[in-house]
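Me: I would like to learn how to read a structure like this one, feature by feature. Could you take me through it, giving the general idea before each case?

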Amino acid sequence: MAGDSEVASGGSNKPALALHVPEPKYRPGDTADFSHIDIGEAGALSRPDEASAPADMSDFAYSLVRVLGEDNQAHGAWDPKLDADTLRTMLGNMALVRAFDERMFRGQRQGKTSFYMKCTGEEATSVAAGMALASDDMVFPSYRQQGILISRGYPLIEMINQIYSNKGDKLKGRQLPIMYSSREHSFFTISGNLATQLPQAVGWAMASAIKGDTRIAATWVGEGSTAEGDFHSACTFATVYNAPVILNVINNQWAISSFSGFAGSERTTFAARALGYGMAGLRVDGNDALAVFAAQQWAANRARSNGGPTLIEYFTYRAEGHSTSDDPSGYRSAQEQDEWPLGDPITRLKDHLIAIGEWDEDRQAAMDKDCADRVKTATKEAEKNGILGHGLHHPFRTMFEDVFEELPWHLKEQADQATREREIKWPDEHPKDGAGK
Amino acid sequence: MSEPQVTQAPEAAGENAERRLNMIDAINDAMDIMLERDPDVIVMGEDVGYFGGVFRATAGLQEKHGKTRVFDTPISECGIIGVAVGMGAYGLRPVPEIQFADYIYPGLDQLVSEAARLRYRSATEFIAPMTVRSPFGGGIFGGQTHSQSPEAMFTHVSGLKTVIPATPYDAKGLLIAAIEDNDPVIFFEPKRIYNGPFSGYYDKPVEPWKKHKDSIVPEGYYRIPLGKARHVAQGEALTVLAYGTMVHVAEAVCANKGIDADILDLRTLVPLDIEAIEASVEKTGRCLIVHEATRTSGFGAELSALVTERCFYHLEAPVERVTGFDTPYPHSLEWAYFPGPVRIGEAIDKIMSE
């Protein structure tokens with residue numbers, strides 16, 4: 001009623017305010033059409049000097065760095081001109097990640113663990129980016145960068161031990177599956193709290209600069225988590241101290257069920273966040289392994305020469321659910337993945353290698369089989385150490401270790417309590433034999 | 001001895017055992033020594049660099065140790081703690097300052113979910129050996145955003161240590177121990193007693209530290225182990241558990257009332273010196289807990305539970321808590337809020353009458 005709106009607007013002729021609540025273009029059952037996304041042309045963009053002032057390269061925060069074209073050839077100034085062996089390694093790493101994801105997802109469905117997260121469709125953003133860094137550059141990942149660990153040669157069996165929380169798990173069964181840590185591989189312990197790794201990466205980079213070291217830091221975060229205050233803090237500290245750090249934003253369009261509009265994508269790009277801080281910003285085709293590598297290499301060179309931090313938005317698509325606990329058919333169109341205009345990163349790199357005469361379908365099939373076999377072998381080995389909930393976990397007392405460097409009296413008392421409970425529950429087992437029920 | 005003076009620093013430790021410092025200078029001295037001894041120590045925070053801190057705790061440190069060891073930060077507690085976690089992972093030993101304890105909340109996620117959990121979740125691959133210094137407590141007309149005592153929140157977090165000094169001598173030794181500790185330490189500095197001990201009789205002139213025996217702060221390095229309480233006074237009639245400013249207030253009230261109190265300055269809340277507490281309560285049979293923080297779920301609740309669980313058959317009266325009220329810290333009614341001599345005196349009378 002007109003009378004109501006007059007009351008709502010205070011009886012004046014001022015217009016009633018309206019709240020905008022973002023809504024994704026497509027919901028389940030809708031026909032997805034991404035023709036509104038301007039992806040530009042592969043090879044169209046110039047490659048600015050790595051010492052460029054951020055303000056002089058602001059266009060790169062709004063366009064899309066692409067190398068691999070529709071013709072499967074590498075184009076333009078961003079082509080990193082990698083040799084065929086490196087490209088095959090890159091392809092192999094991505095294929096191994098995908099094979100690993102497939103089997104671990106299945107393992108969760110079979111009850112071998114509680115949880116898993118695939119990175120299907122986003123493999124390039126961790127594998128190719130990770131390969132552009134030095135092996136001792138410190139990475140602060142989010143939860144979907146298993147590609148870095150795999151391309152750094154972390155043993156699959158260690159990953160599976162962690163996923164199964166079994167007695168071989170180096171993290172002693174304390175962390176949710178996939179929350180890896182490997183100091184040896186310069187891979188920071190993953191947190192379940194989002195975006196906390198960003199200021200930490202900046203702090204590590206500041207420390208490296210304080211010490212006159214040569215190593216840089218790189219961190220990964222989803223586009224949804226850029227809404228956290230930690231992201232703002234990280235950008236501020238990174239630019240204030242010109243820290244040698246790369247902030248990678250993986251814009252995979254979806255944060256569980258919330259589309260990127262809830263992190264601000266209706267208004268601007270995520271790469272453009274950099275500009276307000278006076279930071280270099282790049283927006284990159286995240287499904288183009290060569291573009292991903294080239295951008296990370298650009299930022300690494302910049303950081304290593306005291307040129308300062310870079311924020312890179314990798315524009316990609318989360319092809320599957322957020323995790324094993326998620327079913328995306330409940331909130332987005334199943335067509336989206338097929339219609340995604342930037343394709344699949346593994347297919348694109350494979351097609352490129354074939355197009356330049358360095359690969360063929362037979363070798364691809366053999367590689368895929370080899371990846372599946374390696375994962376299967378590692379899985380069998382890891383299962384000897386147990387699966388979640390089947391007894392082969394770490395001894396009870398380890399629950400109380402490492403809370404502090406030394407065990408304080410109150411934790412000693414609580415450890416005794418746990419041991420007592422164990423003896424009451426399972427009186428036939430020797431209390432000190434380690435693996436309990 | 002005649003009136004001790006603050007004198008020029010002698011060359012070696014121990015030569016001038018009578019050097020007197022206030023708490024600010026003792027804290028400054030501790031950081032100075034650790035910056036000198038350990039190249040991995042860095043000091044940072046809002047206004048701590050060139051200016052030397054709003055309470056002057058870092059005065060002169062940047063000039064002496066350089067801009068990459070002692071520096072200002074953006075106004076971002078989340079960022080300060082977050083970068084300190086990363087620095088710790090690198091191998092540094094950061095000593096971030098949070099300008100007021102009341103400002104620490106934006107940094108809580110980085111403290112609670114990150115710093116406190118790194119050692120555990122990475123099975124010792126990464127640690128967060130940081131000491132977060134922060135002035136806390138009221139009594140300076142700071143209003144509700146410059147007076148809070150949030151220590152209980154941190155004691156509730158597994159993986160954090162919480163340290164609160166009550167004298168200049170302790171402030172230096174405890175801060176050095178905290179900086180050397182490989183676990184994250186929350187180091188709350190009772191700002192009401194930065195410049196002198198406080199009896200709680202706010203209408204009386206402020207006593208400077210130089211008249212107090214515990215303002216004797218030796219030159220050079222020394223440490224006081226975390227987790228050890230300090231016996232402020234030996235007595236038979238009543239155990240008093242306190243920390244920070246309230247140690248001095250409780251001491252003054254007991255003296256005024258002529259109570260033969262056994263007063264423990266806890267110094268560290270986590271890890272807690274439970275042995276000292278048990279020994280004292282078993283001796284006196286009566287226990288008073290005093291803190292400035294709000295009452296409900298305050299650390300006094302934990303202390304009361306521990307004493308009751310562990311010393312019940314030695315108790316001759318119920319354990320009493322004297323605390324701040326469960327309101328925000330009011331500006332104009334500060335001294336009505338503060339758990340001063342009247343509130344403490346009433347509680348003592350109640351315990352002693354049982």
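Predicted model: local features only at pLDDT ≥ 70, side-chain atom pairs only at ≥ 80, totals over all residues.

Me: How many residues of chain A and chain B are in contact?

Reply: The size of an interface is often given as the accessible area lost when the parts come together. Here the description is by residues instead: 34 residues of chain A are in contact with 35 residues of chain B. On the chain A side, α6 (197-210) and α7 (229-240) each supply at least two residues, and α6(A) gives the most, with 10 residues. Sorted by class, the residues on that side of chain A comprise 15 nonpolar, 12 polar and 7 charged.

Me: At what angle do the axes of α7(A) and α3 of chain B cross?

Reply: Two packed helices are described by the angle between their axes and the distance between the axes. In this model the axes of α7(A) and α3 (residues 77-90) of chain B come within 9 Å and cross at roughly 75°, which means that α7(A) is roughly perpendicular to α3(B), since angles of 65 to 115 degrees count as such. From α7(A) the residues A:G229, A:D230, A:S233, A:T236 and A:F237 take part, meeting B:C78, B:G79, B:G82 and B:V83 of α3(B). By class, this contact has 3 nonpolar, 5 polar and 1 charged residues.

Me: What is the order of the strands in the open sheet of chain B?

Reply: Strands of a sheet pair through backbone hydrogen bonds, either parallel or antiparallel. The open sheet in chain B has 5 strands in the order β7-β9-β8-β11-β12, and its pairing is mixed. Because β7 (230-233) and β12 (320-324) of chain B stand at the edges with a single partner strand each, one side of each is left without a neighbour in the sheet. From one strand to the next, the twist averages 25°. Within the sheet, β8 (residues 238-242) and β11 (residues 287-294) of chain B run parallel and are joined by 3 bridges, with B:L241 standing opposite B:I289 in β11(B). Helix α10 (residues 299-311) of chain B packs on the sheet, where it touches β8, β11 and β12 of chain B, and its direction makes about 160° with that of β11(B).

Me: Which residues of α3(A) are buried?

Reply: A residue is judged here by its neighbours, and counts as buried if 20 or more other C-beta atoms lie within 10 Å of its own. For α3 (residues 123-131) of chain A, 9 of the 9 residues are buried, so this helix is largely enclosed by the rest of the structure. Among them are A:E123, A:T125, A:V127 and A:M131.

Technical notes
Residues numbered from 1 in each chain as written. Chains lettered and ligands numbered in written order. Contact = placed C-beta atoms within 7 Å. Helix = DSSP H or I, 4+ residues; strand = E, 2+ residues; numbered from the N terminus. Nonpolar A, V, L, I, M, F, W, Y, C, P; charged D, E, K, R; others polar. Pairing = 2+ DSSP bridges. Axes fitted to C-alpha atoms, helices over the stretch in contact; angles between N-to-C directions. Parallel < 35°, antiparallel > 145°, perpendicular 65-115°, else oblique. Buried ≥ 20, exposed ≤ 12 C-beta atoms within 10 Å, placed from the backbone.
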